[in-house]
Amino acid sequence: MNWITDFVRPKLRALVGKDVPDNLWDKCSKCEQMIFHRDLAENSFVCRHCGNHMRLEAKKRLELLFDEQEYTRIPTPKVTLDPLKFKDLKKYSDRLKDARHKTEEEDAILIAMGRIGGQKSIVVAFEFNFMGGSMGTAVGAGLVAAAKTAVKHKAPLIVIPSSGGARMQEGILSLMQMPRTTIAVRQVKEAGLPYITILTDPTTGGVSASFAMLGDIAIAEPGAMIGFAGARVIQQTIRHALPEGFQTAEYLLEHGMIDMVVPRQQIKGRLVALISLLMKPRV
Ligand SMILES: [Zn+2]
């Protein structure tokens, strides 16, 4: 029972004489407080009550980072769809169709070019709503394209994973994206350009085991779950209780796995500072 849904909403309905849309209020997934949707959006989807960083659509990520919210999208390269003709409870081709319809995106990443603190930059943002941000051939090809674009424009590459890992419907082909993306980001490093990661909730599986943990600078959002296998699987395997806060951004920072935990509203400022330091003209 909740006083907003059970008490306030009926009162509002009576007052305005029509149905109040359900999406007017959001519930924090951590503290369960009801928050007015517009307030939440204004606060970049961070709960004002408990500081919980909720998952953010990839488009909103791009808006938060680029100067004047201006950027150009770089299309993800075309790849063979459903190469294994995979079917579980549903056909993979149908799952793809549904995900495309739901997110209006081709696959689980958005690639964009724009300026961050005046510096031309390439950003890759994962869309978790697209099949859990899973990495298949299209995501791998997209990361390769983004890395090449960064090298071509002598621009830093910033990648923001939000992903459950490899896309199981593409079997071995999705696992092959791990070395492929690793080589892609190495090309950026070899060109002397910064490769920065912003790890968001969740960064797990094959994504954390490849490009996501290779940033020259690894930033993470507070409370983000970052790890390879799930905590329950690990606990069952080692038969040992796991420490508190295991696989959170803060735990990884304490153990030297990432460089900084930065609240969402401060990430842009931090990024501008890092890019200007790393892109200083070299003599
Ligand atoms: Zn909250």
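Contact is taken here to mean heavy atoms within 4.5 Å. The structure is a predicted model, in which local features need pLDDT of at least 70 and side-chain atom pairs count only at pLDDT 80 or more, while totals for chains, interfaces and linings use all residues. Residues are numbered from 1 along each chain as its sequence is written, and side-chain values use heavy atoms, with hydrogens and water left out.

The zinc ion is coordinated by the SG atoms of C28, C31, C47 and C50 at 2.3 to 2.4 Å. Donors are N, O and S atoms within 2.8 Å of the metal (3.2 Å for Na, K and Ca); water is not among the atoms, so sites may look incomplete. Along the chain, the donors of the zinc ion follow the spacing C-x2-C-x15-C-x2-C. C28 is in the loop between β1 (25-27) and β2 (34-36), and C50, 22 residues apart from it, is in the loop between α2 (37-42) and α3. Helices (H or I, at least four residues) and strands (E, at least two) are DSSP runs, numbered from the N terminus. The angles subtended by the four donor atoms are 106 to 111°, so the arrangement is tetrahedral; four donors count as such if all angles lie between 85 and 135 degrees. C28 is buried, with a relative accessible area of 1%, whereas C50 is partly exposed at 30%. Buried means under 20% relative accessible area, exposed over 50%, and partly exposed in between (1.4 Å probe, protein chains only).

Helix α5 (residues 137-152) packs with helix α7 (residues 177-190) at an angle of about 10°, their axes being 8 Å apart. The two helices are therefore roughly parallel, a term used for angles under 35 degrees. Axes are lines fitted to C-alpha atoms, for helices over the stretch in contact, and angles run from 0 to 180 degrees between N-to-C directions. On the α5 side the contact is made by T137, G140, A141, L143, V144, A147, A150 and V151, and on the α7 side by Q177, R180, T181, A184, Q187 and V188. By class, these are eight nonpolar, five polar and one charged residues. Ala, Val, Leu, Ile, Met, Phe, Trp, Tyr, Cys and Pro count as nonpolar, Asp, Glu, Lys and Arg as charged, and the others, Gly among them, as polar.

R180, in helix α7, is partly exposed, with a relative accessible area of 34%. Not counting residues up to four places away in sequence, R180 touches T137, G140, A141 and V144. In helix α5, T149 is buried at 15% relative accessible area. Apart from neighbours within four places in sequence, T149 is in contact with I74, M113 and I122.

Helix α3 (residues 58-65) and helix α11 (residues 264-278) pack at about 50°, with axes 9 Å apart. Their arrangement is therefore oblique. R61, L64 and L65 of α3 and R264, I267, K268 and L271 of α11 make the contact, which comprises four nonpolar, no polar and three charged residues.

Backbone features were also found in loops. D201 and P202 are joined by a cis peptide bond, with omega about -10°; P202 lies in the loop between β7 (195-199) and α8 (205-208). Q69, in the loop between α3 and β3 (71-74), has a positive phi of about 55° although it is not a glycine. Q247 has a positive phi near 65° and is located in the loop between α9 (231-238) and α10 (249-254). Q247 counts as buried, at 6% relative accessibility.

Notes:
Angles under 35 degrees count as roughly parallel, over 145 as roughly antiparallel, 65 to 115 as roughly perpendicular and the rest as oblique. Four donors count as tetrahedral if all angles lie between 85 and 135 degrees; four count as square planar and six as octahedral if opposite donors are over 155 degrees apart and all others between 65 and 115; anything else is irregular.
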